[in-house]
Amino acid sequence: MSDKKAPQPPESEVTPETLYRRRREFIKNAGLFLGTAAVVSGGLYLLSPKRTRPGETPPPSGSEGNQGAAEPPAAEAQAAPKSLGPYDTDEAQTPYKDVTSYNNFYEFGLDKGDPAQNAHTLKPRPWTVVVDGEVNKPQTVDIDQLTSWFPPEERIYRMRCVEAWSMVIPWLGIPLGELIKRVEPTSRAKYVAFTTLEDPEQMPGQKRRVLDWPYVEGLRLDEALHPLALLATGLYGKALPPQNGAPLRLVVPWKYGFKGIKSIVRITLTERQPPTTWNLAASNEYGFYANVNPAVDHPRWSQATERRIGEFRRRPTLPFNGYAEQVASLYAGLDLRENY
């Protein structure tokens, strides 16, 4: 195990206020993260083996929510709004043009720019979502009916890709838990499975068997019911663009971005843990839980730091992507190194 820790940005490279806020947040979240580790078998490790220096071996293409890693576009970040909700971060938001042009969505191509170029073939209306499985009130609901049941609200979340880059995105969406409560889960429901549209005419990337289509993902029921879990319908106050997963995608901000399944057509409550696409493709690299954990590296690169889109210097990655205070208790008693 290496004794090297991720380098901290020099004091001269950030404003004192920004540095202070980041350090306070890191210390708070790290303390909560390690507090959870104290009660698990095997615990968490502050240091991880096979640590690579930031930028030494950039992650290869492949793996972020229906999803590669080219150098991200650099652009001046936009300031966060003055009025923030209880779940919002006050960090500078990633510019709209970067959020909508730097994407992983293998159904439309393998390169980061492919979805923005190719996703015009997706038809987000009409669109229905089936909610079924271990529920008392299964539903087949039109996307517009869904948003009339639950008016979308704004959530400004960090998004951390497993490839060690990140964004801050102002989403519009509905709390996933509210939809689940409406369909009344049975006592047998323990997990929630999600399925993407399978239609090679609309999603030409599905004509290539780079993954086992359709894309599938899953959460534990208690994770899905957490108020941070969101079904996004838009971003930056606009309808969700096709390349970002229109008309409905999952956002779970404390997990790596590949959990953010896009263009959802089915939500199924199950008794057993459902299969997930990247775990099926490479189980030694992508686990079911996929919680952001800077102490556990990807087998091929470090997860200790990240590059925020629009910035040139790397920053430390926060445990649970900065949401440890809200979600660490979900994993008490669970070995987060084994259950990655």
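Reader: Which residues are buried in helix α5 (residues 176-183)?
Author: This is a predicted model, in which local features need pLDDT of at least 70 and side-chain atom pairs count only at pLDDT 80 or more, while totals for chains, interfaces and linings use all residues. Residues are numbered from 1 along each chain as its sequence is written, and side-chain values use heavy atoms, with hydrogens and water left out. Helices (H or I, at least four residues) and strands (E, at least two) are DSSP runs, numbered from the N terminus, and buried means under 20% relative accessible area, exposed over 50%, partly exposed in between (1.4 Å probe, protein chains only). By these terms, the buried residues of α5 are L176, G177, L179, I180 and V183.

Reader: Within what arc do the buried residues of α5 fall, seen down its axis?
Author: The arc is that of the directions from the helix axis to the C-beta atoms. The buried residues of α5 line one face of the helix, because they fall within an arc of 160 degrees.

Reader: Which residue just after α5 takes a positive phi?
Author: Most residues other than glycine have a negative phi. Just after α5, a positive phi of about 55 degrees is taken by E184.

Reader: Which residues does UniProt place under the feature "binding site"?
Author: UniProt positions are given in the numbering used here, with feature names shortened, and annotations may be inferred rather than shown by experiment. According to the record, an unreviewed entry, the "binding site" is at N103, Y106, E107, C161, T196, N244, R249, G260, I261 and K262.

Reader: How much space lies in the second largest cavity?
Author: Grid points are joined across faces, edges and corners, and a volume is the space filled by probe spheres set on the points. The lining has 13 residues, of which M159, R249, V251, V252 and G257 lie nearest the centre. By volume, the space in the second largest cavity is about 90 Å³.

Reader: Which element gives the most to the lining of the second largest cavity?
Author: The elements that give two or more residues to this lining are β3 (153-160) and β9. With 3 residues, the element that gives the most is β9.

Reader: Is N244 buried or exposed?
Author: N244 is found in the loop between β8 (238-239) and β9 (249-251). Contact means heavy atoms within 4.5 Å; leaving aside neighbours within four places in sequence, N244 is in contact with V99, T100, N103, L235, R249 and K262. Because the relative accessibility of N244 is 2%, N244 counts as buried.

Reader: What is the relative accessible area of R249?
Author: R249 lies in strand β9. Leaving aside neighbours within four places in sequence, R249 is in contact with residues including W171, N244, G260, I261 and K262. R249 is buried, with a relative accessible area of 9%.

Reader: What distance separates the C-alpha atoms of V216 and P275?
Author: V216 lies in strand β6 (residues 216-220) and is buried, with a relative accessible area of 18%. Not counting residues up to four places away in sequence, V216 touches F194, T195, I261, P275, T276 and T277. Although V216 and P275 are 59 residues apart along the chain, their C-alpha atoms are separated by 7.1 Å.

Reader: What is omega for the cis peptide bond that joins A246 and P247?
Author: Most peptide bonds are trans. P247 is found in the loop between β8 and β9. For the cis bond that joins A246 and P247, omega is about -5 degrees.

Conventions: 1 Å grid on protein atoms, 1.4 Å probe; cavity = no way out; pocket = protein on both sides within 12 Å on 5 of 7 lines; lining within 4 Å.
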